[in-house]
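Trainee: Could you show me how to read salt bridges and nonpolar cores in a model, starting with how open a residue is?

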Amino acid sequence: MPLPLPFVRPARPDRLVRRFAPLGLTGLSLLTICGAVAAQAMPPGFGPDPQLPAPRHFLIPTVNVAATEPWQDGAKPTPAPGFAVSAYASKLDHPRWLYVLPNGDVLVAETNAPPKPDDAKGIRGAIMTQQMKKAGAITDSANRITLLRDIDADGVAKTRTVFLQGLSAPFGMALVGQDLYVADSDAVLRFPYKEGQTSITAPGSKLLDLPAGSINHHWTKNIVASADGKYLYVSVGSNSNAGENGVAAEKGRAAIWQVERASGKARVYADGLRNPVGMGWQSGRLWTAVNERDELGDDLVPDYMTSVKDGAFYGWPYSYFGQHVDTRVKRQRPDLVAKAIAPDYALGAHTASLGLAFYDGKLFPASYQGGAFIGQHGSWNRKPRSGYKVIFVPFADGRPSGPPQDFLTGFLDGDVAHGRPVGVAVDRAGALLVADDVGNIVWRVAPAAR
């Protein structure tokens, strides 16, 4: 059973100086010691200051996709010590994203990529399509949102109904008052909602068009609301790996948009984010999990999570993790590289870190309070494989405060993936829900009964 990585809370240098001054340790030497301890505690490719190797360039990229096989005979992933996992709902159709309504109902987006005929052309495109099929990533999209309800609060959904259908690759969901917003692959839609209803038949209205088209490389659009409900924040991924489809194809992409609900007026809030997917609020700050670029080597580039600053640029495609220049980009922009902000916390190379949920429940031990759960969908461009699990990153004072901990593993069994975690959400009781789009299951993780 995989154990959590060791938790080390970063020490306050000023306090350490006062404590160890009698031993003759200066502030500078103490900071050096603290930095060495932090470096030892963080796994490679993780944390606030990961050591980045030199990039490697390949004529043929590394392709190391795990074949998929369904969970058999009651098998399930492995939770962290002290926790138990069960199937909240099974036999779903490619569940990707989750949203918990105030009354405890759980919405699950059963969805997959819309048609994008210009995204996989040529020999390279054919190879990638074949490998995606192997990974269980190419299936027809159900294009619906399903409502799951646990009637007797025993951690298993007793009823399921089609909540919304006829959508176009729906993904993100957000409820503000009696307005439910859904981020389709090409638009933000608004639907009327009343607490307790199990389906919506009223037609939705379009609030905002989103970048789409015949490439639509990163089709998953997510959405969260501000605390006061005045704004929506919409994440839109890039239309390529590293800008190879040209600048015009990236208009409005690799960005998080801010949308005023009342008027529909929208602006780019932050950009240079290759594929921001999960979003959430921590201590009044917007955070996102970002799926970074591929084909620069097994250990480049780390995915990451970061607080999102208004007006900030995070490098893509011109640079990564701050000002490390990506020389593959045909038209360089040193002016943008100079202003690129390094993200807050690396999440490992090629882990496909997509899901993000901050723990605000009361069911888990206090050490989980305020920390981040990240759903890592799993790599294709790395040997050995990475991701294929849910990790937890502790927070203190609104910032990451220690190394990552394995929380839900066992999705990958040798060369076979029985599941791939994507969206994560905290249910009304305080348990963690995990959407497994290959296993077609929503898992529920809660403290084990004593």
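Mentor: Relative accessibility sorts residues into buried (under 20% relative accessible area), exposed (over 50%) and partly exposed in between, using a 1.4 Å probe and protein chains only. Asp 310, at 45% relative accessibility, counts as partly exposed, and Arg 267, at 35%, is also counted as partly exposed. Keep in mind that this is a predicted model, in which local features need pLDDT of at least 70 and side-chain atom pairs count only at pLDDT 80 or more, whereas totals for chains, interfaces and linings use all residues. Residues are numbered from 1 along each chain as its sequence is written, and side-chain values use heavy atoms, with hydrogens and water left out.

Trainee: Which residue does Asp 310 meet in a salt bridge?

Mentor: A salt bridge is a side-chain nitrogen of Lys or Arg within 4 Å of a carboxyl oxygen of Asp or Glu. Here the side chain of Asp 310 pairs with that of Arg 267, at 2.9 Å from N to O. Because Asp 310 lies in the loop between β19 (302-307) and β20 (319-320), while Arg 267 is in strand β16 (residues 266-271), the pair ties together parts that are 43 residues apart in sequence. Strands, like the helices (H or I, at least four residues), are DSSP runs (E, at least two), numbered from the N terminus.

Trainee: How many salt bridges are found in the whole structure?

Mentor: The search finds 19. One of them joins Asp 299 to Arg 382, with the closest N and O atoms 2.8 Å apart. Asp 299 lies in the loop between β18 (285-290) and β19, and Arg 382 in the loop between β24 (372-376) and β25 (389-393), so this pair ties together parts that are 83 residues apart in sequence. Asp 299 is partly exposed, with a relative accessible area of 41%, whereas Arg 382 is buried, at 15%.

Trainee: Which residues have the most contacts inside the largest nonpolar core?

Mentor: A nonpolar core is a set of buried Ala, Val, Leu, Ile, Met, Phe, Trp, Tyr and Cys residues joined through side-chain atoms within 4.5 Å. The largest one has 22 residues, and those with the most contacts inside it are Leu 107, Ile 145, Phe 163, Leu 164, Leu 180 and Val 182. Among the elements giving two or more residues to this core are β6 (106-110) and β7 (144-149), while β11 gives the most, with 3 residues. A second, separate core of 21 residues includes Trp 71, Ala 80, Leu 408 and Ile 441.
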